[in-house]
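Dear colleague,

Please find the structure below, together with an account of what was found in it. I would be grateful if you could read the text alongside the model.

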Amino acid sequence: MVDLSVNLSGLTLDNPVIPASGTFGFGYEFAELYDINILGSFSFKGTTRDPRFGNPTPRIAECESGMINSVGLQNPGVEKVIAEELPKLKKCFHKPVIANVSGFSLDEYVTCCEKLDKEEQVGMLEVNISCPNVHGGGMSFGVCPDSAFEVTKAVKAVTKKPVYIKLSPNVTDITEIAVACEEAGADGLSLINTLLGMRIDLKTKKPVVANKMGGFSGKAIFPVALRMVYQVYEKVNIPIIGMGGVSSAEDVIEMMLAGATAVQVGAANLVNPYACRDIIESLPVTMEKYNINSLQEIIGGAHNG
């Protein structure tokens, strides 16, 4: 009997498969299709302090091996998430959930994290630092080690639950950002967020997405994500949740060998709503194929050569 369980900062998951934020809503939508309690956990839709309508449409552009999205963090705001979305989720998901938090100022991150940290259903916080700093010239919090450190430290000061910082790949050296977050007290890291990309419509000769550029995700980015997880694992001593183009049980194992303790599945959910269920169901057979008895034992295994 193979062992699929993993441990994230004291939180034991039945398996390492986690739907990524923005691809699984608040969970109950998918609960109409299958029992989502099969999941290790899931990261719910990125939540900000205030309600956000998001970016203008069109927001999606299809690509040969992925997609570009520029949704713009559309969400009802943290108060409504706590009052309405979490109670609905509680009816269909009975495990701790990951609260994904976004912000455009330090105060906004602190407010959201402080409120969600108090919610019983929330097992950990995932802080997306890919947002532009409105008080810092619009530069993303996640592209500068100093600002990444600042956000991490501020959030850790108001929370008791594990805090995982979600890193942007749109940087020169992601390991510098990772180390800064660890030094500021992060309990773990999530990587990678989407790569910046665009498409142009040949008929209109204009960008397909109204915002011109957006986040590129899907199978095509898996090798980039894998490389970054591998690099970060060598520089930090805190757990990593790996993501980026994961769409099969083989991808999960490969990501864990690179150094991930758990793995998030994003764009695959938008192509096949049963993607996470199918990956979990095929994991035991795939593990046996590669003579793996315990997933916990293979974390970082590719570094042992």
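The second largest pocket holds about 310 Å³ of space. Of its 17 lining residues, Gly66, Gly218, Ala267, Ala268 and Val271 are the closest to the centre. A pocket here is an open set of points on a 1 Å grid over the protein atoms alone, where a 1.4 Å probe fits, with protein on both sides within 12 Å along at least five of seven lines; lining residues have an atom within 4 Å of a point. The volume is the space filled by probe spheres set on the points, which are joined across faces, edges and corners. The model is predicted: local features need pLDDT of at least 70 and side-chain atom pairs pLDDT 80 or more, while totals for chains, interfaces and linings use all residues. Residues are numbered from 1 along each chain as its sequence is written, and side-chain values use heavy atoms, leaving out hydrogens and water.

α8 (267-271) gives the most to this lining, with four residues; β4 (60-63) and β5 (66-69) each supply at least two. Helices (H or I, at least four residues) and strands (E, at least two) are DSSP runs, numbered from the N terminus.

Two cis peptide bonds may interest you. One runs from Thr57 to Pro58, with omega near -5°, and Pro58 is in the loop between α1 (28-31) and β4. Another runs from Leu191 to Ile192, with omega near 10°; Ile192 lies in the loop between β9 (188-191) and β10.

Yours sincerely
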